[in-house]
Amino acid sequence: MERQLTADEVTALVGNGCAAEDWGAVTVADGFAPGRVFRTRFAGSVRVGARCGLTDASLADVWLGDDCVIDRSRIRHTAEREPFGLGHPVHVLAEDGARQVPLYQGLSSQLAHLLCHLQSHPVAAKLLDIVEADILSLDASRSHIGDGCRVTDTVLLENVWLGQGTIVEGAVLLRNCYTPDAPASPARILEGVRFENGVALAGSLIDGGSRLHACLVGEGVVVDRTFSAKHSLFFANSEFHLGEAACAMAGPFANSHHKATLVLACQCSFNTFGSTANSSNHHFKLGARHGGVLRRGARCGSGSYIFWPADIGAFSTVVGKHLRHIETADFPFSLLLEKNGESVLVPGVYLFSAGMTRDGTKWPKRDRRAAIAEPLDAVNPAIFSPYTMQALETGSRLLRRSHTLDADLRHNGAVIPAERIAPALQVYETALVFYIGECLLRAVRRLKGNAALHPADFLQVIDRGMADAALAGGKWRDWGGMLLSGHDADHFHQDVLSGVLATPEAVRERFRQIHASYEARELAWAASRWRRDHGDGAGEDPVVAFLGRWRNAVRFRYDSLLRDVGKEFTREVMYGFGVEESAIAAFRRVRGDPGAEQLVLDAREERDTLLGLVDGIV
């Protein structure tokens, strides 16, 4: 409840060195304590909550919640067309602004993906209407400092909405910025930061003199150590240090840690940028209007360069400089390198690598959103999925057609050497058998528990999966880190257009439902692929034959992984050891034995577990 200051309270405040343009424009909540307010100046309409501590502060047109601490900081409000930066257009993937995503307090990686890639589409228009209505629901007449906020040693906050618990310490400038209520996991904006036209969501950290303009820093995101960014979106658990970003749509789990790295006009997730990794989007014709996609897990090695537009396949690695436009989306898990000025593609080399296996275990452990009750971003870190397997199937068909010609395959700006085609086909086909078998067998084990398994159990799970086969159909998508079937994507579009999804809450709930249905859709996809290859009337003999192939695929995968780990223990890796003693002895003392590596121990245990799934059947 708000009330006017009493005469005694005004006298006490003046005695504490405070001043006001008009004490009548200052209101307070029950529980206001004038003994906690010193040397503070009030201008315009100001509301002060209960138990607030104010020292050496300047407040102009500000609403303060309860239990706030404002120390040596200035907060003011001016009328703005875009309240608290919300609605400000972010020019992602194209510096010329052809693709725009508005800053929004409820902007998830899924929503941003749709607004960007469906630009000028009726679905995006409907979603924008929902976003704009939600933004207008905020009271933009004053700056807002929520309950329990702490603002200290900050030069200026202008036109800000700080949700409950937000911490701003030592920042230089916040102008037109928004943070949500998140007392359990607040946004933190710290030393030397300049942040203009921006949103910092729950659990985010901006520190180390970073400079951001027209950016969203998402849940669990870290931006630190003088990083500079403009017109960029950073989603769940991404981490950016030292370098620079412009027009990027990054996350979840995107990473750049190097001073000379530029993340320019690209979409990426689950990836890393090496030192001096770079790209460019300017043809000097119609301006800087091009961007590109690094599909989930694609990495840019140190010194790499990509000429946009380009589309790099999932979980691929780019090394060298690529001066032609490239599209390798149909060849996931590949190495793209530069040789004699040409882009050379080596498909499938990372499918069963140690690094890929390590990636699959590290992301869930690094999720910084545990204290957020309902995270905005739906994040599925799966490496093997219908999304990557569909791309792999397409790549296999292209390789199979070319294999009979015994010649290099030229594909969308890249060259696949003839000698690399047969090995690529082998690992792609092995991966498909491995993935389908694992999906189905894990479902069998969930159904049967520890009971002995029989081919009939396998067929029963396939029949169950086939009941939902239509729901898993169509081209699978990756919407900002969430994997979904073409059916679910189409259904979402239809419900937006029809008005079934007409509120922010309804859209978020649908994203959650789609994300939660992934396991069932995955099983249905695997079952439909098995039926496609074996027919509707397949009996127990095809099951036994398939599972025999699957056991071979399991052994192939883990043998490949263990060989890859062994490369970390070769003589060349020991260079730098042995200055004071034998290189082998020094290396073993520091690095240990390959058989004791946790990754190796886990891989062997997982291999044995998987092989045990078919005991009694094969």
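These legends go with a few views of a predicted model.

**View 1. The whole chain and its elements.** The chain holds 13 helices and 42 strands (DSSP runs: H or I of at least four residues for helices, E of at least two for strands, numbered from the N terminus). Its radius of gyration is 28 Å, close to the 25 Å from the globule rule for 618 residues, so the chain is as compact as a globular protein of that length. That radius is taken over C-alpha atoms, and the rule is 2.2 Å times the number of residues to the power 0.38. Along the principal axes, the C-alpha trace spans about 90 × 65 × 55 Å.

**View 2. Inside and contacts.** Of the 618 residues, 56% count as buried, meaning under 20% relative accessible area with a 1.4 Å probe, protein chains only. Take the contacts (heavy atoms within 4.5 Å) with a separation of 6 or more: 43% of them come from residues 24 or more positions apart.

View 3. Where does Ser256 sit? Look in strand S26, residues 255-256. Ser256 is buried, with a relative accessible area of 0%. Leaving out residues up to four places away in sequence, Ser256 touches Glu239, Phe240, His241, Thr261, Val263 and Phe273.

**Notes on the views.** Residues are numbered from 1 along each chain as its sequence is written, and side-chain values use heavy atoms, with hydrogens and water left out. As the model is predicted, local features need pLDDT of at least 70 and side-chain atom pairs count only at pLDDT 80 or more, while totals for chains, interfaces and linings use all residues.

Key:
Buried means under 20% relative accessible area, exposed over 50%, partly exposed in between (1.4 Å probe, protein chains only).
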